[in-house]
Amino acid sequence: MKKWFLPIFIILLAGLSYGYYEYSRGPRNLESETTDLAIGAESLVQQFEADENLANTTYLDKVIEVKGTILEIHPPNDIVLDANNMMSNVVCEFQEEMTTEKLNIGDPIIIKGQCTGYLSDVILVKSVIINK
Amino acid sequence: MKHSIIIAILLLSSIGVNAQKHFTKTGTITFHSDAPLETIEAVNSKATSVVDLESGAIQWAVLVKAFKFEKALMEEHFNENYMESSKFPKATFKGQLENYESIQLDKDGVYESKITGSLTIHGVSNEIESTVTFTVDQGNVMASSAIDVVLEDYKIAIPNVVAGKISETVQVTIEANYQPLNK
């Protein structure tokens with residue numbers, strides 16, 4: 001009987017450890033995730049303005065890389081990318097480890113973030129800086 | 001450059017202190033659920049809101065996927081199971097302040113107003129009522145409010161698998177630091 005005990009115990013332990021790991025996983029870190037799409041800030045906003053439903057189908061929840069120029073910086077963790085648009089731009093909320101230090105208005109930049117949709121701007125969350 | 005034009009317009013049109021709308025794009029909405037097996041808390045700091053103190057009209061909008069959770073699994077459950085945020089990416093509120101006329105922008109103070117309106121979550125709209133506390137301080141207008149949301153009212157189903165992990169009624173708090181808007 002004891003022969004079977006150890007393998008079952010190991011399986012049970014593995015199951016519980018996996019369960020615990022899954023449960024306690026912190027927020028996603030996009031740096032290690034593949035990019036679904038890459039696009040310029042201007043084009044991204046244009047698409048949402050033209051047809052929000054279609055743009056949502058394309059971009060909602062996707063990990064996207066957005067290329068643009070920094071229009072505004074709001075420390076500690078927000079920047080706005082210029083979409084050359086009177087009304088709307090791309091708002092990027094950084095993930096906790098990222099900082100707005102060393103960034104300047106006018107800098108060209110590529111931001112990788114999760115697209116959450118469009119209110120008065122297109123909003124990306126969990127953003128990281130890919131390139132500067 | 002956009003901003004210096006806005007500032008110029010603001011300076012020119014300072015007649016009628018209440019005669020302009022106020023807005024924010026960084027409103028904070030927190031969601032709190034206390035259940036036997038789990039406490040869930042989430043924060044969204046990208047809510048937008050416009051308030052017109054001349055008419056008392058007020059609106060809020062928030063992207064559901066922009067709520068932040070401490071644990072990835074909770075965020076997944078929230079978006080995929082409860083809110084179905086890919087189908088219903090926004091939650092909105094459109095309503096009316098009752099006591100807007102007593103709010104004086106040129107007089108620092110705390111003003112309370114009842115608020116009524118239509119709250120839409122998960123594609124379902126309900127008429128709700130609450131209180132908003134406005135604080136005017138050196139021309140800044142801050143607002144805060146809290147409501148209880150009964151998940152069933154918005155057809156948010158709690159699968160048996162996670163029953164006990166999320167409360168049937170959740171507490172939602174709303175905070176805004178409004179800026180004057182000029183159009």
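**Salt bridges between the chains**

Mentor: Over all chains, the count comes to 13 salt bridges, each being a side-chain nitrogen of Lys or Arg within 4 Å of a carboxyl oxygen of Asp or Glu. This is a predicted model, in which local features need pLDDT of at least 70 and side-chain atom pairs count only at pLDDT 80 or more, while totals for chains, interfaces and linings use all residues. Residues are numbered from 1 along each chain as its sequence is written, chains are lettered from A and ligands numbered from 1 in the order in which they are written, and side-chain values use heavy atoms, with hydrogens and water left out.

Trainee: What makes Lys46(B) and Asp78(A) a salt bridge?

Mentor: The closest N and O atoms of Lys46(B) and Asp78(A) are 2.9 Å apart, and the limit is 4 Å, so the pair qualifies. The pair crosses between chains, from strand β2 of chain B to strand β3 of chain A.

Trainee: Why is Lys46(B) called buried?

Mentor: Lys46(B) has a relative accessible area of 3%, so it is buried, the term meaning under 20%, with exposed over 50% and partly exposed in between (1.4 Å probe, protein chains only).

Trainee: Why does Asp61(A) count as partly exposed?

Mentor: Asp61(A) counts as partly exposed because its relative accessibility is 32%. Its side chain meets that of Lys65(B) in a salt bridge (3.0 Å, N to O), and Lys65(B) counts as buried because its relative accessibility is 3%.

Definitions and conventions: Helix = DSSP H or I, 4+ residues; strand = E, 2+ residues; numbered from the N terminus.
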